[in-house]
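Colleague: I have the model open next to the sequence. Can you walk me through it?

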Amino acid sequence: MNFDDILKEFEASKRPGYNEDERRAEDVRLLVDAWVKERTVPELLPYEQELIDRILIRIRKQIELIEMNSIELQTHEREIKLRLVVIESELDRVQFIIRSYTRTRLQKIDKYSLYIRSNDKETAKLSNNEFAYMERHLELLLELYNSQFMKNLPESLQAIDETGGGVSMIDEPDLDRPVFVQATAENVVEVDDEEIELTKNGIYVVRYRAVKDLVETGDVRVL
Amino acid sequence: MSLPKSYQQNFSPQEINFLAEQELVTVIPRYSMNGAQLIGAKMPKLRALNREQIPLWLATLLKKQEKCNIVVPEWLSVEYLRVRYDEEIKYPSKFSNLPWHWLPIAKKLLDYASDDFIDPPHEIRSLLQDLREVRLVKARKGIRELNHVYIQLDGLSLMEINEIRPFILEVMDQLRKMNDSLKVKAEEEMPRQAAAQMDRDEDSDDDIYQKE
Amino acid sequence: MSYYDIDDILADSQKLPCKFSITIPGLGYLNGEPGCPIKENVRLELPIWLAEILAICSISNSSDYEENDEYRETTFLKLLEPEFFSPVFLNFIKSDALRLNLNPYMFYYRIVTKWSNMFGDAELVELISKALVDRASELNDLSFKLNDHFRGGNLEFMNNLDSYEKQLFKNSHKSYKDLKIWWLKKPN
């Protein structure tokens with residue numbers, strides 16, 4: 001988060017009707033949603049930069065608070081102790097989701113790095129840190145391949161990103177993989193010339209490609 | 001690997017449980033207590049004997065410290081669960097209406113707040129077990145309807161979905177891969193298809209692959 | 001399908017029966033006769049990856065073209081119907097998919113997919129899809145009642161699974177077991 005963001009938040013906080021408590025609650029809900037989505041869909045989704053930034057700031061403040069209080073813990077009464085337990089438990093929970101969210105993304109980034117690199121739209125889904133991670137990871141991997149076996153192969157066989165002739169060497173997410181979804185609005189989707197009527201609250205298993213756009217608009221949520 | 005294979009596309013029961021713990025329940029505080037600023041929704045100021053809605057994880061934490069009682073939801077009663085069970089039997093192709101997180105919420109409350117139940121907890125537990133079994137049989141019957149296009153599973157809760165998810169996804173994925181292989185033939189004009197077609201056109205040899 | 005998919009590489013090494021359309025010098029080693037030509041009409045089994053490419057590559061010969069109005073492209077070989085797609089085999093699937101032993105074919109469903117990529121046989125795909133659903137349902141029941149699964153008919157069924165089905169069984173069983181463990185876990 002840079003200065004502009006802090007300013008933005010400050011401005012926003014002065015707007016009438018703005019409720020910091022509601023916003024915090026909403027942010028954690030959004031984080032949980034982002035985690036569930038990232039875990040269930042085959043492709044890498046855009047990184048939730050602003051949301052994560054806001055939550056990381058709150059996490060830092062919470063950790064400072066805990067540290068300050070634990071120094072003077074001896075003098076505390078039991079109620080303050082209990083409040084600290086509550087604060088720590090919640091901190092653990094939020095950190096758990098962030099970690100799992102990050103790991104899920106790293107797994108996809110590892111798997112699809114060549115594809116992500118070759119495509120601007122995909123690269124734009126990464127955070128700066130993720131991008132740096134991907135580049136460094138690929139570099140290490142190539143170094144390993146080279147030192148272990150690649151250098152002994154004829155030059156024409158050293159490529160790792162051939163796409164022609166049979167199976168492409170560049171692994172792409174398979175958007176036709178099925179996913180579990182719940183419709184939040186009525187819609188019709190098409191799979192193999194068959195029309196599927198999605199009724200509100202209905203739960204379906206269907207290939208991701210058929211509902212991808214509806215997942216983006218929120219008419220369908222992945223489970 | 002940054003994420004084990006069994007967690008790709010799927011969740012562990014503990015993770016579904018985690019989601020259920022975000023749900024709100026009603027508590028009756030035994031003591032008054034100051035609220036706390038949290039990362040997410042604020043913990044409200046609690047006043048003794050004044051009902052308040054808080055997330056399940058917080059409610060069980062306070063309950064463990066004997067700071068509150070939990071108001072067991074209406075659906076966790078013998079009467080309600082019996083009605084649902086009868087419905088499950090009466091309508092063999094439909095799941096009765098239970099909360100989205102009925103399994104983890106029920107487990108959590110039975111584990112940590114059994115003294116807050118109005119009906120005997122062991123009866124509730126065995127009814128839940130019966131419900132779970134009858135629904136599982138139904139879900140497994142639904143598996144016989146699997147195809148490559150879609151299936152509908154209205155009424156299943158998230159924990160139940162998660163339990164059969166690896167199976168359903170893998171079977172449907174295999175079905176659609178086989179089915180999509182027909183499209184390669186239909187859509188693409190590649191030499192290989194032309195060649196393969198030729199084998200079949202040749203009618204002289206009976207052991208050459210032919211469609212019946 | 002992915003480039004580094006080991007199962008796919010293994011499936012590609014499963015063999016298909018083929019018949020050579022022309023005599024090719026020096027290829028005899030494929031048939032255990034090194035140094036000799038492989039003769040027209042010789043039948044042998046080749047791994048899918050090789051059979052496929054030889055069945056696809058056309059041999060164009062301009063002089064043939066001039067001499068013969070009804071010139072048709074030839075390929076090195078033609079794929080013959082493998083035993084596991086024969087009418088007898090498919091009839092058996094139709095009558096009793098559960099007793100079918102897919103274990104020897106290792107990657108049966110992948111082979112069906114590869115075959116169908118080449119020939120686009122909708123009937124075959126429909127039949128095998130139905131067999132898969134029947135077998136998967138049975139397998140799912142067994143993966144739930146794990147304690148019973150190593151007895152009599154069940155044992156036979158388990159031994160008849162192809163590698164995809166075995167993996168499916170494992171994953172399905174794990175999922176049921178994980179939930180059971182979670183449900184029965186006592187609070188600490």
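Modeller: Let's take the domain contact in chain C to begin with. There, 7 residues of domain 1 touch 8 residues of domain 2. Contact means that two C-beta atoms, placed from the backbone, lie within 7 Å.

Colleague: Which elements give two or more residues to the domain 1 side?

Modeller: Helix H1 (6–12) and helix H2 (48–56) of chain C. H1(C) gives the most, with 4 residues. Helices (H or I, at least four residues) and strands (E, at least two) are DSSP runs, numbered from the N terminus.

Colleague: How does that side divide into nonpolar, polar and charged?

Modeller: The domain 1 side has 3 nonpolar, 1 polar and 3 charged residues. Ala, Val, Leu, Ile, Met, Phe, Trp, Tyr, Cys and Pro count as nonpolar; Asp, Glu, Lys and Arg as charged; the others, Gly among them, as polar.

Colleague: And where are the domain bounds in chain C?

Modeller: Domain 1 is 1–80 and domain 2 is 85–188. The bounds come from an automatic or database domain assignment.

Colleague: What should I know about the model and the numbering?

Modeller: It is a predicted model: local features need pLDDT of at least 70, side-chain atom pairs count only at pLDDT 80 or more, and totals for chains, interfaces and linings use all residues. Residues are numbered from 1 along each chain as its sequence is written, while chains are lettered from A and ligands numbered from 1 in the order in which they are written.

Colleague: Staying in chain C, which side chains of strand E1 are buried?

Modeller: C:Leu16, C:Cys18 and C:Phe20, on one face of E1(C), residues 15–20. Buried means 20 or more other C-beta atoms within 10 Å of the residue's own, exposed means 12 or fewer, and partly exposed is in between; C-beta atoms are placed from the backbone.

Colleague: What does E1(C) pair with?

Modeller: Strand E2 (residues 43–47) of chain C, antiparallel, through 5 bridges. Strand E5 (residues 77–79) of chain C also runs antiparallel to E1(C), with 3 bridges. Pairing requires at least two DSSP bridges between the strands.

Colleague: What stands opposite C:Lys19?

Modeller: C:Arg43 in E2(C), and C:Lys78 in E5(C).

Colleague: New topic: chain C against chain B. How many residues from each?

Modeller: 43 from chain C and 39 from chain B. On the chain C side, H2, E5, helix H5 (108–119), helix H6 (122–144) and helix H8 (163–184) each give two or more residues. That side divides into 22 nonpolar, 12 polar and 9 charged.

Colleague: Now chain B itself. What is its make-up?

Modeller: Chain B has 7 helices and 4 strands. Of its 212 residues, 39% count as buried.

Colleague: What is the strand order in the chain B sheet?

Modeller: E2-E1-E3, in an open sheet of 3 strands with antiparallel pairing. Strand E2 (52–55) and strand E3 (68–71) stand at the edges with a single partner strand each, so one side of each has no neighbour in the sheet. The twist averages 50° from one strand to the next.

Colleague: How many bridges hold E1(B) to E3(B)?

Modeller: 4 bridges, in the antiparallel sense, with E1(B) at residues 24–29. B:Pro29 has B:Cys68 as its bridge partner in E3(B).

Colleague: What lies across those strands?

Modeller: Helix H2 (residues 56–64) of chain B lies across E1, E2 and E3, at about 105° to E2(B). Axes are lines fitted to C-alpha atoms, for helices over the stretch in contact, and angles run from 0 to 180 degrees between N-to-C directions.

Colleague: Which strand of chain A pairs with E4(B)?

Modeller: Strand E4 (residues 203–207) of chain A, antiparallel over 3 bridges. There, A:Val206 has B:Tyr150 as its bridge partner.
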